[in-house]
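Here is a friendly walk through one protein model, moving from the whole chain down to single residues. Keep the 3D view open as you read.

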Amino acid sequence: MRKAVTIIGLGPMGQAMAATYLDRGYQVTVWNRTTSKADALVAKGAHRAETVAEALGAGGPIILSLTDVEIMYKILEPAVGALPGRTLVNLSSDTPSRSRAAAEWAIGHGADYLSGGVQVPPTMIGSPESGTYYSGPLAVFEQHRETLEVITSADHRGEDQGLAALYYQLGMTIFWTNNLAYLQALAMAEANGISAAEFLPYAQRSVAIATMFMPETAVEVDTSTYPGELANMLMNSASTDHVLHTAAESGVDTTLPAAVADVFRRTVEAGHGKVGFASTFEVLRKQDA
Ligand code: NDP
């Protein structure tokens with residue numbers, strides 16, 4: 001018998017997931033608020049559920065791929081009677097606390113529930129290098145692992161329903177800030193007559209060097225030791241001031257370099273002038289009351 005899966009939410013991500021399941025021979029049921037987004041999938045063999053209750057009853061796990069976790073309430077509330085005995089896998093991004101509340105709500109209505117955070121863009125759905133964080137009951141995860149691994153590799157982070165969202169948001173913290181830093185540099189480059197294409201190999205080298213430092217930063221943070229023989233915070237703070245002034249002289253937005261310079265300055269003021277970069281962690285970390 002063909003394995004079944006239901007996808008609720010057909011943005012770029014839900015569409016890529018549904019298409020991948022169809023390619024892998026699954027019986028795919030889809031539901032989306034804007035019904036026309038299912039047309040191409042239906043043409044490829046998906047079943048369009050006319051109602052949410054029908055989608056919930058189609059068999060197999062129900063994957064939710066929505067702009068945020070809380071949209072689930074709006075969509076499922078009219079059909080809560082169909083939830084007992086179903087398994088919901090919410091792959092919509094949101095905060096850990098909203099993910100925990102959503103799990104509690106669904107489980108309270110008799111469903112099994114897994115939270116998830118997809119780490120790759122829609123173009124990488126179905127590829128072996130892709131990955132998704134999951135959290136929630138391990139037994140539920142194991143029961144559906146094979147189906148979940150059709151879309152990406154599956155990494156169960158723990159039973160706390162908030163963990164998938166937490167890992168996801170940690171990743172997005174790096175992703176967005178790193179990408180914004182790249183665009184900041186491109187704005188400064190453009191203001192000085194350098195194209196993005198010209199600067200690309202140099203940008204990639206900067207990111208590679210930053211990546212190279214990550215393992216030793218992890219050790220320094222975990223041991224609260226910040227050697228500064230080769231580069232201390234007095235020098236680093238002067239450097240971030242130079243970046244800020246170069247941005248200002250270039251006439252581009254200075255919000256990001258000003259924020260970086262501010263953190264570095266406060267690290268020096270906190271007494272870390274003679275130790276290394278990772279000491280900025282002491283300013284960033286949660287402060288004891
Ligand atoms: P979109 O925001 O484009 O679409 C998500 C879906 O949410 C659509 O089906 C949309 O329905 C539905 N939706 C939004 N608001 C409502 C509402 N009020 N009522 C009913 N349905 C609603 O998201 P993506 O497909 O791009 O992504 C899905 C999830 O995956 C998001 O949480 C995103 O953060 C995450 N993600 C996305 C990545 C990406 O590159 N796209 C990468 C990694 C994770 P409708 O079509 O009717 O508007």
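The protein has 11 helices and 8 strands. Please remember that you are looking at a predicted model. Along its principal axes, the C-alpha atoms fill a box of roughly 65 × 45 × 30 Å. There are 289 residues in the protein, and 42% of them count as buried.

The domain assignment divides the protein into domain 1 (4–159) and domain 2 (195–284). Taken over C-alpha atoms, the centres of domain 1 and domain 2 lie 40 Å apart.

**The nonpolar cores**

Which residues have the most contacts inside the largest nonpolar core? They are I7, M17, Y21, V28, V30 and I63, in a core of 30 residues. At least two residues of this core come from each of strand 1 (4–8), helix 1 (12–23), strand 2 (27–31), strand 6 (112–118) and helix 6. Helix 1 gives the most, with 7 residues. Another core lies apart from this one; it has 23 residues, among them I62, L66, I75 and A111.

You can pick out V30 to see how such a residue is surrounded. Leaving aside neighbours within four places in sequence, V30 is in contact with I7, L10, A18, A38, L41, A46, H47, R48 and A49.

**Strand 5 and its partners**

Now find strand 5 (residues 87–90). T87 and V89 point one way from this strand, L88 and N90 point the other way, and all are buried. Strand 5 pairs with two other strands, and the table sets out both pairings.

| Strand pair | Sense | Bridges |
|---|---|---|
| Strand 4 (residues 62–64) and strand 5 | parallel | 3 bridges |
| Strand 5 and strand 6 | parallel | 4 bridges |

L64 stands opposite N90 in strand 5, while the bridge partner of T87 in strand 6 is D112.

What connects these strands? Strand 4, helix 4 (residues 71–76) and strand 5 make a right-handed β-α-β unit. Strand 5, helix 5 (residues 96–108) and strand 6 make a right-handed β-α-β unit as well.

**Two residues to look at closely**

Apart from neighbours within four places in sequence, H144 is in contact with P61 and T87. Is H144 buried or exposed? H144 counts as buried because its relative accessible area is 10%, and the cut-off for buried is under 20%.

The other residue is A247, in helix 9 (residues 233–250). Why is A247 classed as buried? Its relative accessible area is 0%, so A247 falls under the 20% limit. Not counting residues up to four places away in sequence, A247 touches Q184, M188, V252, D253, T254 and P257.

Terms used. Residues numbered from 1 in each chain as written. Predicted model: local features only at pLDDT ≥ 70, side-chain atom pairs only at ≥ 80, totals over all residues. Heavy atoms only, no water. Buried < 20%, exposed > 50% of the residue type's maximum accessible area, 1.4 Å probe, protein only. Contact = heavy atoms within 4.5 Å. Domains from an automatic or database assignment. Core = buried A, V, L, I, M, F, W, Y, C linked by side-chain atoms within 4.5 Å. Pairing = 2+ DSSP bridges. Right-handed = clockwise from strand over helix to strand, strands pointing away.
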